[in-house]
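Subject: Structure handover

Hello,

Here is the structure for your files. Please look through it alongside the notes below.

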Amino acid sequence: MALLRKSADHTLLGAAALRRFTVGGASTSAPTPTPASLGKAGTRQLYRHQRAVLFPGQGSQFVGMGKDLSAEFAASRQVFEEADEVLGFSLSRMMFQGCPKELTLTKNAQPAIVAVSVAALRALEHDTGMDASEIYSFSMGHSVGEYSALVAAQAMSFSDCIQLVRTRGEAMQEAIKEREYAMSACILRNSKIEDVVAEVGRVQAEISSRATTDDEVVQVANINSSSQVVLSGTRSAVDAALTSLQTKRLAMRAVNLPVSAPFHCRLMAPAKEVLAARIAELNPIRDTCLWAMPVISNVTAEPHETTASTQALLAEQVERPVLWLQSMQLLKNSHGISRWGALGPGNVVGNLVGKEYAKDIVRRLSDAAAIKDFVSVLDRQARRGF
């Protein structure tokens, strides 16, 4: 079962795949320390092979996000201006000073989170004089954050990205009109993920056997960590699954998420079709030989392989579970990642990694001050010959 893929099943990227991801002709597997200041052509960080960059998904939005980036970094302002121009309305005004209820709508929250994530990315790149791929060796995003990850890897332009994400948000919001839905994060006891997945499947089967229609849905939408999963579906089915998990002492408690649609479950099938059509129209993913670093797929918990498969998986992603735990395990166990940079609003993805790998270094680059501090760290390393 895809949900239960263990880290032992993962293997290192093959030599041919690794050769695709180079900076200045040098393999990602052999970083060269350069005693030079930041921004010199060919500069690569000593710790790059230990670093991955992460981007957040929906639920991280809040009014005021990105405002400090716009004030502090011209590169960030350019991202917000481009988003406003491409979308045809002032997304930045909605983010900086809008109504929380309006920002939480899926059609707005998704492009807003991606815009802030890319604005933070551009601020870091501009102030270091390096591409993200010269600082990090892998890119990964949670749900809609996977689009930010693809931009960071130069696999997709920001213009195409923001258009796709707006379509994605609109389609996901439209898919659940007049339905009472829920998404709830479950904090697990000392439970095995596979036992939780099996119990949710059992509840769904029991509901389906009693129902006269196929309207009631509950599925595991996100496997976020070894102690947290997210359930998605119709309100009554999600509540039934939560009750069962707590009764059987598989879960301690649940927290409802501030989203306007039940993501990553089969209720999103109509959205998948709309998104697939838009992806086919834009054909946004560049040839993988042009990518600057590998990007991990939420659907497979493996690096994306080809242009065609990446575009197909982006459409599939809206109704498939996010295998975040398995993706972290891949990077940690198969690629030796121990330094994580969480770029974008909020601290969700940084906290997930920090709790899973308490001894690792996690930098939560969610505001201008944090980005400037990290730039200073990189500068000190460069001056010392790192």
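Predicted model: local features only at pLDDT ≥ 70, side-chain atom pairs only at ≥ 80, totals over all residues.

Residues are numbered from 1 along each chain as its sequence is written, and side-chain values use heavy atoms, with hydrogens and water left out.

Cores

A nonpolar core here is a set of buried Ala, Val, Leu, Ile, Met, Phe, Trp, Tyr and Cys residues joined through side-chain atoms within 4.5 Å. Buried means under 20% relative accessible area, exposed over 50%, and partly exposed in between, with a 1.4 Å probe and protein chains only. The largest such core has 76 residues, of which Met95, Tyr147, Leu343 and Ile371 touch the most other members. Helix H6 (residues 106–128) supplies the largest share of this core, 11 residues. Helices (H or I, at least four residues) and strands (E, at least two) are DSSP runs, numbered from the N terminus. Another core, of 42 residues, lies apart from the largest one and has Val220, Ala241, Leu245 and Leu323 among its members.

Contact means heavy atoms within 4.5 Å. Not counting residues up to four places away in sequence, Ile371 touches Leu69, Phe73, Ala120, Ala123, Leu124, Leu343 and Leu365.

Rings

Rings of Phe, Tyr and Trp (its six-membered ring) pair if their centres lie within 6.5 Å; planes under 30 degrees apart count as stacked, over 60 as edge-to-face and the rest as tilted. The count by this rule is two aromatic pairs. Phe80 is in helix H3 (residues 74–87) and Phe96 in helix H4 (residues 91–97), 16 residues apart. Both Phe80 and Phe96 are buried.

The pair of Trp340 and Tyr357 is stacked, because the ring centres are 6.1 Å apart and the planes are at 5°. Trp340 belongs to strand S9 (residues 339–343), and Tyr357 to the loop between helix H14 (348–356) and strand S10 (361–365), 17 residues apart. Trp340 is buried at 2% relative accessibility, and Tyr357 is buried at 14%.

Two charges sit over rings, by the rule that NZ of Lys or CZ of Arg is within 6 Å of the ring centre and within 35 degrees of the ring normal. The charged end of Arg339 is over the ring of Tyr47, 3.8 Å from its centre. That of Lys372 is over the ring of Phe73, 5.8 Å from its centre.

Cysteines

How many disulfides does a search of the whole structure find? The search finds zero, taking a disulfide as a pair of cysteine sulfur atoms within 2.5 Å. Cys186 is buried at 0% relative accessibility, and Cys265 is buried at 0%.

Single residues

Thr234 is in strand S7 (residues 228–234) and is buried at 3% relative accessibility. Leaving aside neighbours within four places in sequence, Thr234 is in contact with Arg179, Glu180, Tyr181, Ala182, Asp215, Glu216, Val217 and Leu267.

Gln154 has a positive phi of about 60° although it is not a glycine. Gln154 lies in the loop between helix H7 (145–152) and helix H8 (158–174) and is partly exposed at 29% relative accessibility. Asn283, also not a glycine, has a positive phi of about 45° and is placed in the loop between helix H11 (269–282) and helix H12 (307–316).

Regards
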